[in-house]
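I open a new page for this protein.

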Amino acid sequence: MHGNQLLLEEPIRMASILEPSKPTAYPSMTKIVGTLGPKSRSVEIISDCLKAGMCVARFDFSWGDIDFHQETLDNLKKAVKSTNKLCAVLLDTVGPELQVVNKAEHPISLEADTLIVLTPDQEKEATSNLLPINFSGLAKAVKKGDTIFIGQYLFTGSETTSVWLEVTEINEEDVVCLVKNSATLAGSLYTLHVSQIRIDLPTLTDNDKKVISTWGARNKIDFLSLSYTRHAEDVRCARDFLSKLGDLNQTQIFAKIENIEGLTHFDEILQEADGIILSRGNLGIDLPPEKVFLFQKAAVYKCNMAGKPAVVTRVVDSMTENLRPTRAEATDVANAVLDGTDAIILGAETLRGFYPVETISIVGKICAEAEKVFNQDLYFKRTVKYVGEPMTHLESIASSAVRAAIKVKASVIICFTSSGRAARLIAKYRPTMPVISVVVPRLKTNQLRWTFTGAFEARQSQIIRGLFPMLADPRHPAESTNATNESILKVALEHGKATGVIKSHDRVVVCQKIGDTSVVKILELED
């Protein structure tokens, strides 16, 4: 991956673009999050998804109940065991999501220039003239002239399966709207989005709390995707809730920015959250089309400089039903990588799409190609300038390790870590080679039992670009000694050779702590 770096600013022989890419140890440095659902929940399909490059499994509770998702997660565990591929678990909350209630699940045809009523009476049947919704406060939130969008989850943006409405009248709790385009709403779940209007519902709903405290706590989820994050306080409240649920105090919170309110408070949210998910489906409705790319680039840059993962959604919607992405989608994936994105979420494409494995594989290939022309030198200088001087001790070590690895053309950086912080800092500087994060477990006690840390930290590396975790043997003491480090390093090198990322005569940069001293060293491997 790193040995074939190109720069788009330099002359490229056009015929070289057609040359087949060399196989690499990892599908791509950019991580892929796959949403598991009806079309991707068997052990066989999940195993194929893991082999294709899925690093994180997303469980979206807008679909299915707790038993449905538990069965899927049990299958994921079997697939992880059979493939020997580590996979993190992300729980995506529903949050204050407005939905059309279509109990009969029959198609609803809407004609342009006709009137339709949105009602909170969920007992009524959905028809071409009336749509029940799951929110009683819509009439108080909107006014005449406001725009409402209804689309199949996730929004496809297609004018045949999505509809734009204009509010014409408020009639007590009902909202009367003019249909702006003809469409057919078919399927079990349609969501409703009111453009640039605050919906007075809690970010973490009672149902979300129930799911987290039961399913989430039982399965020790690695990430919580906090849907519709609007303020930093939303993240603080979610963290306080997780802190009371045993092991979930280690769960990382990713704020999902889905509307103008979240965009407006982005800087404060970024400070509080462990990472950011740019939900381009909903946000693409709130923002004018010409502003979407600007938000993406600005938000990813801010995440990069803060050293926090940036995750982008909605990239290859057409692959829900097609085997190939559109030209625009393929370019969109590549541009997300060039912007500095850590991971890409596949939603409907893997949840209910016909080609979940092929989608993961194709997105991975596009990411890998884009990584070859990522301007690491410019990115590195920009990041160092942003951090400024004096650097912290750890930041200095991390940037030095990356600089050394690039100068000596190392095949890999190996970083020893307990908390994962050192490895994340190295990855922040976007080295052109993979970073193997060797997580050294620590023994801890709550006065009742002894446990090892490390599993959470290893899995949570799975969403960070270029970072590939390896859990060290817990029998190694946490206190660093030369003998211990040499023993773990030997295992890490063997792991690198087994995966194909390290070969004879390669150079390897090692970042480790010996006593109170942080050390960066360069190894030249023999046969």
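How many strands form the open sheet, and in what order? I find five strands in the order β22-β19-β18-β23-β24, with mixed pairing. Before going on I note that this is a predicted model, where local features need pLDDT of at least 70, side-chain atom pairs count only at pLDDT 80 or more, and totals for chains, interfaces and linings use all residues. Residues are numbered from 1 along each chain as its sequence is written, and side-chain values use heavy atoms, with hydrogens and water left out.

**Entry 1: the open sheet**

I write down the terms. Helices (H or I, at least four residues) and strands (E, at least two) are DSSP runs, numbered from the N terminus. Two strands pair if DSSP finds at least two bridges between them.

I looked at the edges of the sheet, where β22 (467–471) and β24 (517–524) stand. Each has a single partner strand, so one side of each is left without a neighbour in the sheet. The twist averages 20° from one strand to the next. For angles, axes are lines fitted to C-alpha atoms, for helices over the stretch in contact, and the values run from 0 to 180 degrees between N-to-C directions.

I then followed one pairing. β19 (residues 435–439) and β22 are parallel and share five bridges. Ser 437 has Pro 469 of β22 as its bridge partner.

Helix α14 (residues 393–407) lies across β18 (412–417), β23 (507–514) and β24, at about 10° to β24. Helix α15 (residues 421–428) lies across β18, β19, β22 and β23, at about 150° to β18.

**Entry 2: the barrel**

Which strands close into a barrel? I find eight, in the order β1-β2-β3-β13-β14-β15-β16-β17, with parallel pairing. Here the twist averages 25° from one strand to the next.

I took β1 (31–35) as my example. Five of its five residues are buried, so β1 is largely enclosed by the rest of the structure. Buried means under 20% relative accessible area, exposed over 50%, and partly exposed in between (1.4 Å probe, protein chains only). Lys 31, Val 33 and Thr 35 point one way from β1, while Ile 32 and Gly 34 point the other way.

β1 runs parallel to β17 (residues 343–346), joined by four bridges. Across that pairing, Val 33 stands opposite Ile 345, and Ile 32 has Ile 344 as its bridge partner. β1 also pairs with β2 (residues 54–60) in the parallel sense, over four bridges. There Val 33 stands opposite Val 56.

Helix α12 (residues 356–372) lies across β1, β2 and β17, at about 155° to β17.

**Entry 3: salt bridges**

How many salt bridges does the structure hold? The count is 23, each being a side-chain nitrogen of Lys or Arg within 4 Å of a carboxyl oxygen of Asp or Glu.

In the pair of Glu 71 and Arg 41, the closest N and O atoms are 3.8 Å apart. Glu 71 is in helix α2 (residues 66–83) and Arg 41 in the loop between β1 and α1 (43–52), 30 residues apart. Glu 71 is partly exposed at 44% relative accessibility, whereas Arg 41 is buried at 17%.

Lys 143 and Asp 146 come to 3.2 Å between the closest N and O atoms. Lys 143 is exposed at 51%, and Asp 146 is buried at 10%.

For Arg 236 and Glu 272 the closest N and O atoms are 3.1 Å apart. Arg 236 lies in helix α5 (residues 232–243) and Glu 272 in helix α7 (residues 266–272), so the pair ties together parts 36 residues apart in sequence. Arg 236 is partly exposed at 38%, and Glu 272 is partly exposed at 27%.

I also noted a network of salt bridges that links Arg 58, Asp 60, Asp 92 and Lys 256.

**Entry 4: cysteines**

How many disulfides does the structure hold? I find zero, where a disulfide is a pair of cysteine sulfur atoms within 2.5 Å. For Cys 87, the nearest cysteine sulfur is that of Cys 55, 7.5 Å away. Cys 87 is buried at 7% relative accessibility, and Cys 177 is buried at 0%.

How values were computed:
Contact = heavy atoms within 4.5 Å.
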